[in-house]
Amino acid sequence: MTIFTKANLIRFVVGSICLLLVLNFLWASESDGVSGSSLSKLSIRRVHKYAHIHSRSDNVSGFASDKGVNTNISGQKLPAAPLALSKERDQHIGRNSTSTTVIAIANFTSIPQDLSHAHPQDYANSTLKPQLHLTQNCTDPDPRDGGPITPNTTLESLDVIEAELGPLLRPGGAYQPTDCIAQHHVAIVVPFRDRYAHLSVFLRNIHPFLMKQRIAYRIFIIEQTNGKPFNRAAMMNIGYLEALKLYQWDCFIFHDVDLLPLDERNLYNCPRQPRHMSVAIDTLNFKLPYRSIFGGVSAMTRQHFLAVNGFSNSFFGWGGEDDDMSNRLKHANLFISRYPINIARYKMLKHQKEKANPKRYENLQNGISKIEMDGINSIKYEIYSIKDFPTFTWYLAELKNSERKS
């Protein structure tokens with residue numbers, strides 16, 4: 001009797017598939033350094049060669065969550081890099097360490113008090129030569145010196161971008177003027193997942209654009225792990241909370257990674273009222289779709305963001321979260337300001353259309369009633385990894401909030 005029967009063939013195929021799945025699981029767990037399948041195999045630390053250049057391993061402990069809980073964090077061969085206040089951090093949460101779910105508190109009592117009194121010069125990298133004492137405040141660029149620009153959309157690897165821009169920046173994608181004292185300290189928060197080609201183009205254009213504006217800034221890339229639909233608003237909330245642990249930023253600019261500014265007069269400084277930055281986008285024929293829109297790129301001060309309890313965490317999938325923020329601003333008696341349509345212009349990089357959030361209209365309808373209970377005071381998340389690349393600061397975050405009915 002031949003062994004090549006139909007039943008044996010089916011057993012062989014099923015067994016092979018099971019073996020491949022087991023091997024893939026073991027490989028992914030070992031290479032990720034974190035137990036659990038929620039971590040993205042395409043996360044920045046997996047695809048970026050910079051992660052393999054250094055071999056230093058540090059142990060960092062006492063990383064405080066917003067509940068005041070200390071989390072032990074062990075460094076695992078990631079490059080150490082100075083941060084704001086000349087502190088060094090090299091953090092990666094491994095499988096043998098204890099990770100704590102962060103539950104945000106709106107009054108931010110856990111923020112170190114010394115940050116609130118930090119001088120702009122505290123941004124300085126302790127390895128750099130001391131700078132001359134500065135007494136002159138920076139002023140906004142003269143609009144007569146700026147105008148339309150053409151972005152460079154040539155696709156290059158992050159290594160190439162770092163070689164170009166790294167020498168001009170401080171670790172973590174931080175920058176401040178060297179000839180005056182910056183009057184605006186701005187955190188650029190970019191919600192992120194799977195847009196690696198966009199990221200390199202974005203960084204290549206946004207840094208030279210911002211360096212001319214005489215502001216102190218730092219770029220934060222907040223990457224969501226796989227496992228749940230992308231929640232853009234929650235990633236921006238996480239970026240806000242995590243950035244404040246490093247410095248008391250004056251304002252925050254929440255920036256989609258696929259949008260490039262097209263005019264140097266579009267200033268990324270701190271607004272008196274919440275500012276919608278991306279007024280005119282090429283794919284929308286450079287027209288404002290509707291008056292209450294607040295999507296794409298937006299700027300708010302700490303006070304604005306606190307007044308509305310940040311973004312809602314309820315919007316999983318594409319759409320709705322920006323309109324909800326617009327409603328929150330109106331409810332808090334804040335109005336949306338904008339630069340003229342000939343200045344606030346952007347190019348959108350091509351991308352595949354995202355899956356829409358089926359509950360977006362339902363969440364929008366009931367959003368105002370949930371402001372006090374849905375936002376930065378209710379977000380739950382874990383930070384799996386933090387790393388300072390030469391051109392940006394990267395967080396790998398898993399959102400613990402669940403989708404819920406409105």
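**Entry 1: a cysteine pair to start with**

I began with two cysteines and found that both Cys251 and Cys270 are buried. I then looked at their sulfur atoms, which sit 2.2 Å apart and form a disulfide. This is a predicted model, so I am reading a computed geometry here. About the S-S bond I get -75 degrees, which makes the link of Cys251 and Cys270 left-handed. As for where the ends sit, Cys251 belongs to strand β10 (residues 251–255), while Cys270 is in the loop between β11 (259–261) and β12 (275–276). The pair is 19 residues apart and links distant parts of the chain.

**Entry 2: the other disulfide**

How many disulfides does the structure hold? I count two. Besides the pair above, Cys138 is joined to Cys180, with an S to S distance of 1.9 Å. Which parts of the chain does this pair tie together? Cys138 lies in the loop between β6 (102–103) and α3 (158–165), and Cys180 in the loop between β7 (174–175) and β8 (185–192), so the bond ties together parts that are 42 residues apart in sequence. The handedness here is right, with 95 degrees about the S-S bond of Cys138 and Cys180.

I also checked cover at both ends. Cys138 has 7% relative accessibility and so counts as buried, the cut-off being under 20%. Cys180 is buried too, with a relative accessible area of 1%. Taking the bonded cysteines in sequence order, I note the pairing as 1-2, 3-4.

**Entry 3: helix α5**

Next I went to α5, which runs over residues 232–243 and has twelve residues. From its first C-alpha to its last it reaches 16 Å, close to the 16 Å expected at 1.5 Å a residue. Is this helix enclosed or open to the outside? Twelve of its twelve residues are buried, so α5 is largely enclosed by the rest of the structure. The buried residues include Arg232, Asn237 and Glu242, along with Met235, Met236, Ile238 and Leu241.

A reminder to myself: most residues other than glycine have a negative phi. Arg214 lies in the loop between α4 (196–211) and β9 (216–224). Its relative accessible area is 26%, so I put Arg214 down as partly exposed.

Asn309 also has a positive phi of about 60 degrees without being a glycine. I found Asn309 in the loop between α6 (302–307) and α7 (321–331). Is Asn309 buried or exposed? With a relative accessible area of 7%, Asn309 is buried.

**Entry 4: the chain as a whole**

Stepping back, I list eight helices and 17 strands for the chain. There are 406 residues, and 53% of them count as buried. The accessible surface comes to about 19,500 Å², with 55% of it belonging to carbon and sulfur atoms. Of the contacts between residues at least 6 apart in sequence, 80% join residues at least 24 apart.

**Entry 5: confidence**

I finished with the pLDDT. Its mean over the chain is 76, and 67% of the residues reach 70 or more.

How values were computed:
Residues numbered from 1 in each chain as written. Predicted model: local features only at pLDDT ≥ 70, side-chain atom pairs only at ≥ 80, totals over all residues. Heavy atoms only, no water. Helix = DSSP H or I, 4+ residues; strand = E, 2+ residues; numbered from the N terminus. Buried < 20%, exposed > 50% of the residue type's maximum accessible area, 1.4 Å probe, protein only. Contact = heavy atoms within 4.5 Å. Areas by Shrake-Rupley, 256 points an atom, 1.4 Å probe, with all protein chains shown as cover. Disulfide = S-S within 2.5 Å. Expected span 1.5 Å × (residues − 1). pLDDT = per-residue confidence, 0-100.
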